[in-house]
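Student: I would like to request a close look at one part of this protein, namely its surface.

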Amino acid sequence: QVQLVESGGGLVQAGGSLRLSCTAAGSIFDFNTMGWYRQAPGKQRELVATITTGGSTNCADSVKGRFTISRDNAKNTVYLQMNSLKPEDTAVYYCNMRIVARNYWGQGTQVTVSS
């Protein structure tokens, strides 16, 4: 079993920055993909960014150039540095880990960006 614990969400003004962290614990395979998804009210959950154990990244066009994903394999932790935040970024952000065909999810952390 894998448990994911997130931190770093909060309220910030437009143009500001936040840094999200997610630490995994449990039976973790050496090779996995970790990432961040978000869900705004009335919308479906969408991909923000992912990163593999080897460091390959993928991110949504809507956040490209503003958000940066990184990870520390020794700490089993993934980060999301969010800069130049916009009100459209307001959502619940969920940490994800995929090991082969199994997905694990954090409980989510609220990010609110005021205009």
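Student: What is the accessible surface of the chain, and what percentage of it belongs to carbon and sulfur atoms?

Tutor: The accessible surface of the chain comes to about 6,300 Å², and carbon and sulfur atoms hold 48% of that area. Such areas come from the Shrake-Rupley method with a 1.4 Å probe, and for residues only the protein chains shown count as cover. The model is predicted: local features need pLDDT of at least 70, side-chain atom pairs count only at pLDDT 80 or more, and totals for chains, interfaces and linings use all residues. Residues are numbered from 1 along each chain as its sequence is written, and side-chain values use heavy atoms, leaving out hydrogens and water.

Of the 115 residues in the chain, 42% are buried; buried means under 20% relative accessible area, exposed means over 50%, and partly exposed lies in between. The chain has 11 strands and zero helices, where strands (E, at least two residues) and helices (H or I, at least four) are DSSP runs numbered from the N terminus.

Two loop residues deserve attention. Most residues other than glycine have a negative phi. Ser 84, although not a glycine, has a positive phi of about 50°. Ser 84 lies in the loop between strand S8 (77-82) and strand S9 (91-99) and is partly exposed, with a relative accessible area of 41%. Val 100 likewise is not a glycine and has a positive phi, of about 55°. Its place is the loop between S9 and strand S10 (102-105), and Val 100 is exposed, with a relative accessible area of 74%.

How values were computed:
Buried < 20%, exposed > 50% of the residue type's maximum accessible area, 1.4 Å probe, protein only.
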